[in-house]
Amino acid sequence: MEKNPTEDEVVQIVLDIKKSEPELGIAKLHNRIKGCEPTWALSVNRLKSIIRSHSLTDTSKATSNDNGATVPEEFRDRLYVSQTVSHVVSDLSLPPSIEVFNSQQRGKGLEVSGKLPKTESIPEGTVLWTEPALVLIPPISLVGLIPTGKACSYCARPLVSMSSLIASCSICSGRWCSTRCRKLDKLHKYIRHGKYTSEWSAIEQFAVENEWSAFYQYAYTLAAATFDDQDGDQSSKHIKEGVEGLAKIRQDIRQKADPQHDKNIFLGEHLEILWQEGYKVLCKFFAHMSTPSYEEYLSGIGMVNINNLDGSIYLLQSHLNHSCEPSVDVKIVGRTAGVKVTAKRNLHPEEELTTTYVDLKKDVTFRRQKLLEGWGFWCTCPRCMREQDLTLADDSGILSSKDNVASNLTADAVDSSKKKKKVKSKSKQKISEPPRVRKKSVTFDDNVVQIEI
Ligand SMILES: [Zn+2]
Ligand SMILES: [Zn+2]
Ligand SMILES: [Zn+2]
């Protein structure tokens with residue numbers, strides 16, 4: 001008597017088999033399942049589609065190879081993900097049924113706990129967690145309003161009216177939009193008044209003049225971590241540890257993945273000058289505390305670039321790896337409220353939680369290029385593999401009419417007007433070893449790469 005297994009049953013057996021034999025390709029995996037469950041009516045195609053919809057393939061390098069994951073020659077020297085450094089934060093508080101893993105292939109990431117009963121899954125729509133920013137950083141467009149009390153000293157919300165909720169500083173002209181913001185603002189007394197106020201102002205001025213958000217974000221994060229440590233306040237002491245646990249990559253290494261890098265021989269030199277000037281300004285403020293070395297500073301700039309979400313740092317959210325078919329949804333619910341992370345589909349024990357770092361409406365070529373520039377990896381997620389096959393088929397004339405993948409190219413060409421040239425994903429020369437897929441971030445420090453020479 002044949003039985004039609006449920007999707008959940010299939011996912012569970014795939015996870016079970018992959019635990020002992022992670023390298024299995026689809027055909028062998030199908031055979032193993034048949035061996036374990038001889039009465040199941042499960043076609044290879046259905047198995048494939050379930051594996052794809054649950055992103056079960058991208059946890060294994062071998063299965064990616066089975067799918068034909070290859071990196072075109074022209075992109076190979078731009079992969080830098082292997083140079084990203086990251087370690088697990090020791091006392092990270094995790095939501096129920098979520099665990100951190102740190103593997104060679106995926107780096108650091110989050111997954112549904114394997115301790116959850118095998119038959120159980122986290123239902124689609126479940127709010128997995130909400131978290132405020134570990135470091136809430138004012139956008140550089142608003143920092144000029146803070147010293148004069150025109151924007152909240154903590155959350156940077158512009159203060160237009162004289163609301164009774166507004167709290168004022170008794171020492172400087174700074175104000176807060178609420179008593180809560182005043183309480184949360186641990187940095188105010190160190191950067192707005194005190195010994196080094198003018199050095200901090202110089203940092204803000206430098207960031208604003210050069211329209212360099214990442215520089216300000218790094219300085220702010222470093223200050224938050226430094227003073228958090230000095231404050232002796234145990235409840236908030238996690239900033240320093242949290243920041244230390246964030247993935248780090250030197251900005252000069254990231255920069256080499258920029259398509260502009262090879263075209264403009266002066267760009268690297270120009271950026272080097274800017275980085276050094278920034279370092280001098282930064283060191284004046286931190287001179288009497290723990291001054292970072294130049295290398296630590298470059299890693300810090302890279303760190304905020306790859307970890308910030310909407311300009312601020314969220315500790316748990318920053319652990320999420322990328323997939324173009326993400327399993328969770330991340331929404332910013334408010335400046336001080338932070339982010340809400342929700343299950344996008346039923347999540348099974350040991351299934352990885354993934355988010356997206358790029359616009360999912362874009363096509364595979366665009367997404368891969370953005371991920372390569374911003375995070376240094378070549379995406380081999382199931383969706384990229386499917387769309388790559390379609391694009392290649394289309395390029396070689398196998399498909400007679402343009403499908404959605406092809407028509408998206410037009411939209412991308414308009415949207416990516418900043419880029420001088422679209423890089424094509426097709427290439428005859430390929431290597432067989434896909435890079436590790438990991439660590440999230442935002443895009444390049446746009447303001448820096450746009451410098452005109
Ligand atoms: Zn506020
Ligand atoms: Zn003040
Ligand atoms: Zn992808």
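Residues are numbered from 1 along each chain as its sequence is written, and chains are lettered from A, with ligands numbered from 1, in the order in which they are written. In this predicted model, local features need pLDDT of at least 70 and side-chain atom pairs count only at pLDDT 80 or more, while totals for chains, interfaces and linings use all residues.

The protein chain contains 17 helices and 11 strands; helices (H or I, at least four residues) and strands (E, at least two) are DSSP runs, numbered from the N terminus. Of its 453 residues, 40% count as buried. A residue is buried if 20 or more other C-beta atoms lie within 10 Å of its own, exposed if 12 or fewer, and partly exposed in between, with C-beta atoms placed from the backbone. Among contacts with a separation of 6 or more, 72% are between residues 24 or more positions apart; a contact requires C-beta atoms, placed from the backbone, within 7 Å.

In α1, the buried residues are Val 10, Val 11, Ile 13, Val 14 and Lys 18. They cover an arc of only 170° around the axis, which puts them on the same side of α1; the arc is that of the directions from the helix axis to the C-beta atoms. These buried residues pack against α2 (26-36) and α3. Lys 19 and Ser 20 are exposed on the face of α1 turned away from its buried side.

The axes of α1 (residues 7-20) and α3 (residues 44-53) come within 10 Å and cross at roughly 80°. Axes are lines fitted to C-alpha atoms, for helices over the stretch in contact, and angles run from 0 to 180 degrees between N-to-C directions. The two helices are therefore roughly perpendicular (65 to 115 degrees; under 35 is roughly parallel, over 145 roughly antiparallel, the rest oblique). Glu 7, Val 10, Val 11 and Val 14 of α1 meet Leu 47, Ile 50 and Ile 51 of α3 in this contact.

Technical notes. Two residues are in contact if their C-beta atoms, placed from the backbone, lie within 7 Å.
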